[in-house]
Amino acid sequence: MPADPNMKILVVDDMVTMRKIVKNILKQLGFSNIDEAENGQEGLQKLRDGSYNFVVSDWNMPVMTGIDMLRAIRADEKLKSIPVLMVTAEAQQSNLIEAVQAGVSNYIVKPFTAETMQEKIGKIFK
Amino acid sequence: METQGHKLYEELGSLARFVDNAMNAISSATPQIMSSSTQLPTAAAHLTDLKKMTEDGTLEVMRLTELVQDSHAQMAKELSGVADVLKAMDCVTLAGRLEQVRVLLGQDEKHLMEIMTTLSFQDLVAQRVKKLVTILDEVQTKLVELVVVFGLQRNGNEAAGTGIADQMLKQLEQSKTTAMKQQVADDLLAQFGFK
């Protein structure tokens with residue numbers, strides 16, 4: 001099932017520049033229904049309040065990290081099936097293994113290109 | 001017995017001289033330590049300003065890039081419309097030239113997106129600056145403690161490097177040597193069944 005261009009996407013990152021970059025890339029890839037959150041806690045709240053189809057999240061954030069948000073999503077009966085793409089500067093192999101064990105749908109290491117994001121989204125929604 | 005007592009006095013004497021020398025050394029170093037500890041907040045403030053400056057600059061470049069992207073998208077749409085009219089009027093050559101212009105705009109669009117993604121450097125810079133500021137804060141606290149307590153010896157736990165500053169220094173070091181590139185991450189993901 002290819003990615004629906006109208007699907008509701010949540011971009012979670014504490015850095016405004018990264019949120020803008022990810023939103024811009026998603027927009028250029030044809031996605032327009034994009035919302036954002038500043039940390040895992042805000043992201044989780046938005047996910048519980050709305051009907052999102054896809055989450056793009058950073059790892060290192062104040063209040064609640066991306067990995068903790070991912071675990072909370074996978075533990076929530078209503079949210080657990082939402083694909084989560086981690087876009088992070090946490091580039092140690094142990095981080096990736098931790099993310100896989102927590103149920104990440106795919107993983108992008110910063111800095112990244114638009115092609116990488118397109119490829120990862122394609123794989124998640126193939 | 002008398003010899004042992006004499007030896008004990010000698011030992012105590014040399015210990016007292018050592019303590020006195022150490023106290024003098026610490027006393028003479030204290031102004032420098034105090035000076036360093038008062039300069040550290042300024043260094044941290046400079047780093048925080050640096051982070052803010054890169055953020056402001058990055059956001060401005062992004063704003064301008066998005067404006068160009070939007071105007072390119074509008075131009076591409078207009079060109080398509082004109083090309084369709086020209087084709088309908090059988091002006092194939094002109095329509096073809098407009099199509100070439102549209103292709104060039106498409107290439108520019110790709111470059112604009114590359115500019116946007118390249119700006120993610122700011123996020124990486126900001127994360128390192130944040131870690132450095134945390135390290136400086138902790139070092140400053142420790143220096144002040146050192147001066148207040150007036151002893152340079154570290155206890156066992158601190159020597160083991162368990163403070164936040166030590167952890168962050170380790171993270172910064174690790175990021176230089178063992179950080180994965182996307183290809184390595186993909187290979188690892190493939191081992192977990194991500195195709």
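Student: Let's start with the interface. How many residues of chain A and chain B are in contact?

Tutor: In this predicted model, 39 residues of chain A touch 34 residues of chain B. Putting the two together buries about 3,100 Å², and carbon and sulfur atoms give 62% of that area.

Student: And how many salt bridges and polar contacts are found between chain A and chain B?

Tutor: Here is the general idea: side chains of opposite charge can pair when their charged atoms come close. In this case, the rule finds six salt bridges across the interface of chain A and chain B. The count of residue pairs in polar contact between the two chains, both at pLDDT 80 or more, is eight.

Student: Which elements of chain A give two or more residues to the side that touches chain B?

Tutor: They are α1 (16-28), α4 (93-102), β5 (106-109) and α5 (114-124) of chain A. Of these, α1(A) gives the most, with nine residues. By residue type, this side of chain A divides into 17 nonpolar, 10 polar and 12 charged.

Student: Could we look at some pairs? What forms a salt bridge with Lys20(A)?

Tutor: Its partner is Glu66(B), and the closest N and O atoms of the pair are 3.8 Å apart. A search of the whole structure finds 21 salt bridges over all chains. Glu66(B) lies in helix α1 of chain B and Lys20(A) in helix α1 of chain A, so this pair joins two chains. Glu66(B) has 22% relative accessibility and counts as partly exposed, and Lys20(A), with a relative accessible area of 29%, is partly exposed too.

Student: What about Lys27(A): which side chain meets Lys27(A) in a salt bridge?

Tutor: That is Asp70(B), at 3.6 Å from N to O. The pair joins two chains, because Asp70(B) lies in helix α1 of chain B while Lys27(A) lies in helix α1 of chain A. Asp70(B) is partly exposed at 43%, and Lys27(A) is partly exposed at 47%.

Student: Where do Lys52(B) and Asp56(B) lie?

Tutor: Both are in helix α1 of chain B, four residues apart, which is about one turn of the helix. Lys52(B) is partly exposed at 46% relative accessibility, and Asp56(B) is partly exposed at 38%. Elsewhere, salt bridges that share partners join Asp13(A), Asp58(A), Lys110(A) and Asp123(B) into one network.

Student: What is the phi of Val63(A), and where does the residue lie?

Tutor: Val63(A) has a positive phi of about 70 degrees although it is not a glycine. Its place is the loop between β3 (54-57) and α3 (66-75) of chain A. With 63% relative accessibility, Val63(A) counts as exposed.

Student: And is Asp90(B) buried or exposed?

Tutor: Asp90(B) counts as exposed, at 63% relative accessibility. Its phi is positive, about 65 degrees, although Asp90(B) is not a glycine. The residue lies in the loop between α1 (2-88) and α2 (92-118) of chain B.

Student: How many helices and strands does chain B have?

Tutor: Chain B comes to six helices and zero strands. Its accessible surface is about 13,200 Å², with 63% belonging to carbon and sulfur atoms. Buried residues make up 26% of the 195 residues in chain B. As for contacts in chain B with a separation of 6 or more, 81% come from residues 24 or more positions apart.

Definitions and conventions
Residues are numbered from 1 along each chain as its sequence is written. Chains are lettered from A and ligands numbered from 1 in the order in which they are written. Side-chain values use heavy atoms; hydrogens and water are left out. Contact means heavy atoms within 4.5 Å. Buried area is the accessible area (1.4 Å probe) that two parts lose on being put together, summed over both. A salt bridge is a side-chain nitrogen of Lys or Arg within 4 Å of a carboxyl oxygen of Asp or Glu. A polar contact is a pair of N or O atoms within 3.5 Å; within protein, one must be able to donate a hydrogen and the other to accept it, and residues adjacent in sequence count only if both atoms are side-chain atoms. Ala, Val, Leu, Ile, Met, Phe, Trp, Tyr, Cys and Pro count as nonpolar, Asp, Glu, Lys and Arg as charged, and the others, Gly among them, as polar. Buried means under 20% relative accessible area, exposed over 50%, partly exposed in between (1.4 Å probe, protein chains only). Accessible areas come from the Shrake-Rupley method with a 1.4 Å probe; for residues, only the protein chains shown count as cover.
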